[in-house]
Amino acid sequence: MKTRSETVRLEGHAKQAIETGRNRLILAGCLVALAFAAIGARVIELSALGGAGEPGVASVDPDAQLTVGRADIVDRDGLLLATSLRTPSLYADPKEVLDAEDAAFRLSTVLPEINPAETAAKLASDRRFVWLKRNLTPREQQEVNSLGIPGLHFQDEWKRIYPQGTLTAHAVGFTDVDDRGISGVERSFDDVLRGGRDPLRLSLDLRVQHIVREELLRQIATFSAIGGAGVVLDVDTGETIAMVSLPDFDPNVPGQMDPDTLFNRATLGVYEMGSTFKIFNTAMALDAGTATMRSGYDATHPIRIARFTINDDHAKARWLSVPEIFKYSSNIGSVKMALDVGTDGQRAFMAKLGMLRETAIELPERGRPMVPSPWRPINTMTIAFGHGLAVSPLHLVGGVAAIVNGGIRRPVTLLASDIPSPGQRVISEQTSHDMRRLMRLVVEDGTGRKADTPGYVVGGKTGTAEKAGGRGGYKQKSLISSFVAAFPMHDPRYVVLIMVDEPKGTKETFGYATGGWVAAPAVSRIVARSAPLLGVAPVDPETPEIRRDLMIEVPVEGGKRLASF
Amino acid sequence: MRRATILWFLIATCLGVALFLVKHEVQRREEQLAGLHRQILASQEAIHVLEAEWSYLNRPDRIEALVRRHLNLVPMDTRRIGSVEMLPMRLPMPDAAEDGVAPTLAGLPPLPVGRPLVLTREARR
């Protein structure tokens with residue numbers, strides 16, 4: 001370059017032109033260099049620096065996922081209780097239908113439930129869209145298709161299906177035509193089910209649910225009862241293993257349900273439970289220290305207060321120790337125990353057990369207990385044997401679970417939970433142990449002998465309450481007979497409650513329709529059938545450890561003691 | 001100069017053809033992916049329906065009726081459930097390692113041995 005510039009010399013115009021050209025060249029060069037620099041920088045940014053805003057790898061659509069209209073509901077083992085299926089619904093565009101009369105007639109040959117005249121009118125109308133039938137079966141769809149009528153179309157719709165039918169009807173509930181939950185879990189978890197894809201896992205065990213329902217059905221048929229409820233609860237977690245209310249309904253056929261069958265007796269119905277409340281009464285007195293396992297009360301004479309007389313059904317007319325009061329279900333003794341604790345103590349204890357508020361169960365159908373207001377001494381006396389405070393069967397089961405599990409109350413739940421709630425102590429460990437021995441005594445040698453199940457050390461308490469009738473009195477003939485049990489009593493795992501509404505005595509029961517005759521045998525069969533499924537190992541109740549654990553000394557008046565096992 | 005032009009032209013042509021092939025391949029694979037997704041959805045829906053049917057067929061009352069009709073099963077009795085402790089004591093294990101001889105059952109009553117059953121004429125009658 002240098003040599004050339006020395007050799008070539010230009011002057012004047014030519015030099016001017018060269019200067020201009022050079023300047024332009026430099027400018028253009030700069031611009032091009034700038035552009036390349038920018039591209040280079042971008043290349044470096046994208047490749048070396050990972051490129052902000054650009055994905056590192058080619059993105060692929062996430063794997064296709066089936067979205068159903070509503071999440072499934074499953075039992076604790078994953079069996080479907082409720083699911084949504086896509087079903088075709090038949091509609092027509094009347095403008096496209098050539099011969100309405102003929103089409104309607106031919107349709108009615110494959111879909112017997114549609115009315116030809118009505119359908120013909122629909123097909124002759126001048127609208128562009130009429131529903132003919134919702135949710136066809138695949139076979140029906142095939143048959144309609146093969147008719148080849150023009151103007152008929154299908155549209156897929158989600159339909160809620162309950163494969164288990166009546167078995168879990170009250171717990172799961174059902175939805176309306178627009179897939180909105182209107183009862184049971186379907187309603188209380190409506191938002192979760194609607195948005196969710198993961199199934200909702202309930203704590204119910206279908207097998208146990210079936211056993212409870214079957215045994216309850218049998219008792220209702222045997223004793224010509226109007227209904228009943230059965231609950232099985234895990235005492236350590238508060239999970240509901242089975243919850244049956246009879247009569248029940250089939251959630252797959254909405255719109256044909258008798259309102260009476262929709263009523264959930266296990267959670268919504270509140271009843272005066274009768275003697276099963278003596279479990280709470282005795283635990284209260286033992287825990288307060290006003291009574292001990294060795295003390296007792298005189299039950300010779302009935303108690304008269306105002307216009308009432310409190311009497312014993314299995315009157316012994318003598319001094320009774322606390323275990324005897326429980327075993328013979330003495331009303332007189334229970335009232336005296338409650339009076340020693342006092343009205344305030346009783347109310348506080350019942351509140352602690354959750355008897356004065358709704359249960360925590362995740363259902364919209366929750367019964368509010370009928371609590372006396374004001375709580376007078378007469379209420380204290382009647383509540384001692386289970387009258388005057390009406391609670392739902394689930395309240396009772398939850399309370400008994402707290403009494404036998406070592407004294408910790410946990411909220412009852414319908415959801416399978418891996419971490420049980422820490423709970424809250426309601427009675428001492430010692431009182432709980434005493435109560436277990438007392439409940440075992442009732443089954444070994446008291447009113448609940450029919451609940452005994454070989455190998456499973458059942459303990460419990462009978463309850464027979466007269467239903468409140470009109471004018472504040474009680475109807476002697478309509479009873480609520482119940483039995484609440486826990487097993488195995490040396491280390492309780494489950495609480496079972498069977499309650500039968502208005503049983504009538506039979507010849508086999510000598511006309512009795514009490515809890516010991518009606519509900520206790522069902523509890524025994526439920527325990528025998530479901531314990532192997534629940535993983536409770538049978539034990540020999542005569543082994544020394546269990547005998548020592550559940551042994552009770554029944555004191556008699558005058559200091560002599562009678563051992564009873 | 002001319003050679004360079006031909007070279008560049010060739011390169012450009014090759015790149016163009018390659019680009020076309022790659023694009024075509026990507027399109028094909030995308031279609032394949034969409035097809036697979038459709039297939040997955042169909043399978044999932046089929047599974048969903050089958051699950052519902054499985055649950056329906058597993059209704060405890062149906063199973064119970066079937067068992068009653070076809071099988072000779074009864075509910076489990078507590079007497080049929082045992083524990084390991086209920087088994088008889090294990091045989092004493094002689095120290096087999098010291099002389100390599102298999103453990104013998106010396107001192108134990110002989111095991112029952114199957115014997116061919118011979119029916120006598122009287123028994124047959």
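Tutor: Asp190(A) forms a salt bridge with Arg70(A), the closest N and O atoms being 2.8 Å apart. The term denotes a side-chain nitrogen of Lys or Arg within 4 Å of a carboxyl oxygen of Asp or Glu. This is a predicted model, in which local features need pLDDT of at least 70 and side-chain atom pairs count only at pLDDT 80 or more, while totals for chains, interfaces and linings use all residues. Residues are numbered from 1 along each chain as its sequence is written, chains are lettered from A and ligands numbered from 1 in the order in which they are written, and side-chain values use heavy atoms, with hydrogens and water left out.

Student: How many residues apart in sequence are the parts that Asp190(A) and Arg70(A) tie together?

Tutor: Asp190(A) lies in helix H8 (residues 190–195) of chain A, whereas Arg70(A) belongs to the loop between helix H2 (13–47) and strand E1 (73–74) of chain A. Helices (H or I, at least four residues) and strands (E, at least two) are DSSP runs numbered from the N terminus. The pair therefore ties together parts separated in sequence by 120 residues.

Student: Which residue of chain A forms a salt bridge with Glu45(B)?

Tutor: Across the interface of chain A and chain B the rule finds two salt bridges. In the one formed by Glu45(B), the closest N and O atoms are 2.6 Å apart, and the partner is Arg86(A).

Student: Which element gives the largest share of the side of chain A that touches chain B?

Tutor: Contact here means heavy atoms within 4.5 Å, and 26 residues of chain A are in contact with 21 residues of chain B. The elements giving two or more residues to this side of chain A are strand E2 (80–92), helix H9 (206–222) and helix H19 (520–534). The largest share, five residues, comes from E2(A).

Student: Is H9(A) roughly parallel or roughly perpendicular to H2(B)?

Tutor: H9(A) and helix H2 (residues 60–70) of chain B pack with their axes 9 Å apart, at an angle of about 75 degrees. Axes are lines fitted to C-alpha atoms, for helices over the stretch in contact, and angles run from 0 to 180 degrees between N-to-C directions. Angles under 35 degrees count as roughly parallel, over 145 as roughly antiparallel, 65 to 115 as roughly perpendicular and the rest as oblique. H9(A) is therefore, relative to H2(B), roughly perpendicular.

Student: Which residues in H2(B) do Leu206(A), His210(A) and Glu214(A) meet?

Tutor: These three residues lie in H9(A). Their partners in H2(B) are Pro60(B), Asp61(B) and Glu64(B).
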